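This briefing is meant for someone meeting the structure for the first time.

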Amino acid sequence: MKFSGLKVFAEALKGHTGWKPLWRNPEPKAEYDIVIVGGGGHGMATAYFLAETFREARVAVIEKGWLGSGNIGRNTTIIRSNYLLPGNQPFYEMSMKLWEKMEQDLNFNAMVSQRGILNLIHTDAQRDAYRRRGNAMHLSGAGAELLDREGVRAMYPWLNFDNARFPIKGGLMQRRAGTARHDGVIWGYARAADQRGVDILQNCEVTGFRIEGGRVLGVETSKGYIGAKKVGVAVAGSTSRVMQMAGLRMPIESHVLQAFVSEGLKPLVDGVITFGAGHFYISQSDKGGLVFGGDIDGYNSYAQRGNLPVVEEVLESGMALMPRIGRTRLLRMWGGIMDMSMDGSPIIDHTPVQGLYLNAGWCYGGFKATPASGYAFAHLLSTDRPEATATAYRLDRFARGHLIDERGAGAQPNLH
Ligand SMILES: Cc1cc2nc3c(=O)[nH]c(=O)nc-3n(C[C@H](O)[C@H](O)[C@H](O)COP(=O)(O)OP(=O)(O)OC[C@H]3O[C@@H](n4cnc5c(N)ncnc54)[C@H](O)[C@@H]3O)c2cc1C
């Protein structure tokens, strides 16, 4: 079934009785060439690219819950490629380019909206740092603009410009950045992967790996043993727990990140804004809710809910930046489990177990990476070679000291 305006019109005439489920619900086969553990955005995008680009015919995705139950359905939907370091910038720019054509590729409306992101500047040192970042962005074609105070005021006159502690001095703008509907993304990839023959096995938990002579032979699951020539793990916040079943200890800590949505308001925030003097980022959904978030909770946890100190801190930051939201009512909030790596950058690599591959360490930033991560992981799984923009994302870089410390915070996962 192909989606089009004509199809919507025709369905409207016959009472919407002709729509079909977006993907099948198959029984697991005894064996696949490639099994992906984790049906989040990254796992599903990987399966799509394996089938579409690398012509792999026997692929399955194994998901312990339902599609969209993890971070892919919990994030604040921001996509951008405003990175600084050479190990990161080209990869995230590749992702941005894939976002720009995703809806046509998948024939699915993921509500990709390039409404721009504005990173606010509050100090002279921050302006220097953002000028450098903007130059790095130009090198990979990501595009960037440095705005002065009046340039920011023209866009958002109601921001708190003269806050004595955090005066706004300008901003770094990436106009191609924006938002996408997060569950639309996973549904779009799932539909397209299913159409290309991928088996999506929902409500099927991987409970162990069968490994013999240092080589993976398949996975134990709640629906029985499934053989596989290669296994790719993309389980985000559950990485340490799942890889432990293969006897591997990960350079990852798990933390909760919370997100918030307000009641619906008239249009106020056209794009995405990030506060430069505290951890706070905000956009407005098409339904009118202000969607915002801040820092992770400061302790390790596998709970998909957070605690009140971070709520207070996020709301304080929001009030410092935009006092006019003070009377807005909070509608709901939730949490997701983050796989925080030691340097804040991801891992897409082989593991010491032959045939077992890892995609992890996405920290706060994995939604924007979804298409590129899927493409790069599929490349590695299919060809056994890293994709050109993802060569720095090695698992052993922590032992070798080749960190990709985008934030400059050192080996301190809760600070990235
Ligand atoms: C509140 C919040 C806000 C965020 N905001 C942004 C943002 O604005 N921009 C951005 O770029 N990023 C953001 N992120 C980060 C981003 O959502 C994640 O980095 C990214 O979604 C992780 O990859 P994923 O989609 O594959 O993860 P997930 O959707 O979590 O997928 C992993 C899947 O693995 C499954 N799984 C786990 N264990 C097993 C098992 N044993 N067997 C089978 N399946 C298993 C899980 O059920 C889950 O569905 C945010 C995250 C959160 C929580």
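The model is a predicted one, and its protein chain is divided into domain 1 (21–78 + 84–93 + 100–105 + 182–252 + 343–415) and domain 2 (113–176 + 253–339).

**The two domains and their contact**

- The centres of domain 1 and domain 2, taken over C-alpha atoms, are separated by 28 Å.
- The contact between these domains takes 23 residues from domain 1 and 26 residues from domain 2.
- On the side of domain 1 that touches domain 2, α3 and α7 (239–244) each supply at least two residues, and α3 gives the most, with 3 residues.
- By class, the residues on this side of domain 1 divide into 10 nonpolar, 11 polar and 2 charged.

**Helix α3**

- Helix α3 covers residues 89–106, which makes 18 residues, and from its first C-alpha to its last it reaches 25 Å, close to the 26 Å expected at 1.5 Å a residue.
- Just after α3, Asn107 takes a positive phi of about 50 degrees.

**The surroundings of the ligand**

- The ligand is surrounded by 39 residues, of which the closest are Gly38, Gly40, Gly70, Gly336 and Gly366.
- Two or more residues of the shell around the ligand come from each of α2 (41–52), β12 (252–264) and α9.
- Sorted by class, the shell around the ligand has 14 nonpolar, 20 polar and 5 charged residues.
- Both domains take part in this shell, since at least three of its residues are drawn from domain 1 and at least three from domain 2.

**Positive phi angles in two loops**

- His16, which is not a glycine, has a positive phi of about 55 degrees, and this residue lies in the loop between α1 (5–13) and β1 (31–37).
- Arg55 is likewise not a glycine and has a positive phi of about 55 degrees, and its place is in the loop between α2 and β2 (59–62).
- Arg55 counts as exposed because it has 9 C-beta neighbours inside 10 Å.

**Ala411 after α10**

- Ala411 is found in the segment after α10 (397–400).
- With 15 other C-beta atoms within 10 Å, Ala411 is partly exposed.
- Leaving aside residues up to four places away in sequence, Ala411 touches Met342 and Asp343.
- Ala411 and Pro251 are 160 residues apart in sequence, and in space they are 10.0 Å apart, C-alpha to C-alpha.

How values were computed:
Residues numbered from 1 in each chain as written. Predicted model: local features only at pLDDT ≥ 70, side-chain atom pairs only at ≥ 80, totals over all residues. Helix = DSSP H or I, 4+ residues; strand = E, 2+ residues; numbered from the N terminus. Expected span 1.5 Å × (residues − 1). Domains from an automatic or database assignment. Contact = placed C-beta atoms within 7 Å. Nonpolar A, V, L, I, M, F, W, Y, C, P; charged D, E, K, R; others polar. Near = placed C-beta within 6 Å. Buried ≥ 20, exposed ≤ 12 C-beta atoms within 10 Å, placed from the backbone.
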